[in-house]
Amino acid sequence: MVLDRKLYKKDFELSKKKCPFCDIKSQWDLVIWKGDYWYIQHNKYPYLWLEDHLMVIPLSHKVFANELSEEEFWEMAKVQKFIKNYYWDKQYFSFMRETLWKRSIEHLHYQYLPWVLRTSRIENILKEQWF
Ligand SMILES: [Zn+2]
């Protein structure tokens, strides 16, 4: 079940005690693909209610991409094929979330969103990081 992003905060607080991405069964109604190392699901709290807001999540709890095994990277090729077929003739973009700063669930995940990311905010984001 997809929920309003405004409700995210409560679940996010709970996620600090119990990782929701490690419990695929709790996400099962959102899951659209599962491999040996990764699964793909609709975001429970999609940005702007976007139906095509997907997340790619490793089955094992990893915080950073540099913790991924060669097998996990290998299967990422299948993930990318699924994503390409999912969006089919639509453009899409992605970004990775890896954090230990309590800004997101601390289980590595990739966000996939339809269309093209057009922003010049990267510099502003960096400035907010004290650069
Ligand atoms: Zn986890």
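Visitor: Before I look, which runs count as helices and strands here?
Guide: Helices are DSSP runs of H or I with at least four residues, strands are DSSP runs of E with at least two, and both are numbered from the N terminus. Note that this is a predicted model.

Visitor: Okay. Where does helix H3 lie?
Guide: H3 covers residues 70-87 and lies across S1, S2, S3, S4 and S5. The helix runs at about 30° to S2.

Visitor: What's the strand order in that sheet?
Guide: S1-S2-S3-S5-S4, in an open sheet of five strands with antiparallel pairing. Strand S1 (31-34) and strand S4 (92-97) each have a single partner strand, so one side of each has no neighbour in the sheet. From one strand to the next, the twist averages 20°.

Visitor: How many bridges join S3 to S5?
Guide: Three, and the two strands run antiparallel. S5 spans residues 109-114.

Visitor: And which residue in S5 is the bridge partner of Val56?
Guide: Tyr110. Both Val56 and Tyr110 also belong to the largest nonpolar core.

Visitor: New topic, then. How many residues has that core?
Guide: It has 11, among them Phe21, Trp38, Leu54, Val79 and Ile105. Strand S2 (38-42) and strand S3 (54-58) are the elements that give two or more residues to this core.

Visitor: Which one gives the most?
Guide: S3, with four residues.

Visitor: You listed Trp38. What does Trp38 touch?
Guide: Leaving out residues up to four places away in sequence, Trp38 touches Val56, Ile57, Pro58, Leu59, Glu75, Met76 and Val79. Of those, Val56, Ile57 and Val79 are core residues too.

Terms used: Residues numbered from 1 in each chain as written. Predicted model: local features only at pLDDT ≥ 70, side-chain atom pairs only at ≥ 80, totals over all residues. Core = buried A, V, L, I, M, F, W, Y, C linked by C-beta atoms within 7 Å. Buried ≥ 20, exposed ≤ 12 C-beta atoms within 10 Å, placed from the backbone. Contact = placed C-beta atoms within 7 Å. Pairing = 2+ DSSP bridges. Axes fitted to C-alpha atoms, helices over the stretch in contact; angles between N-to-C directions.
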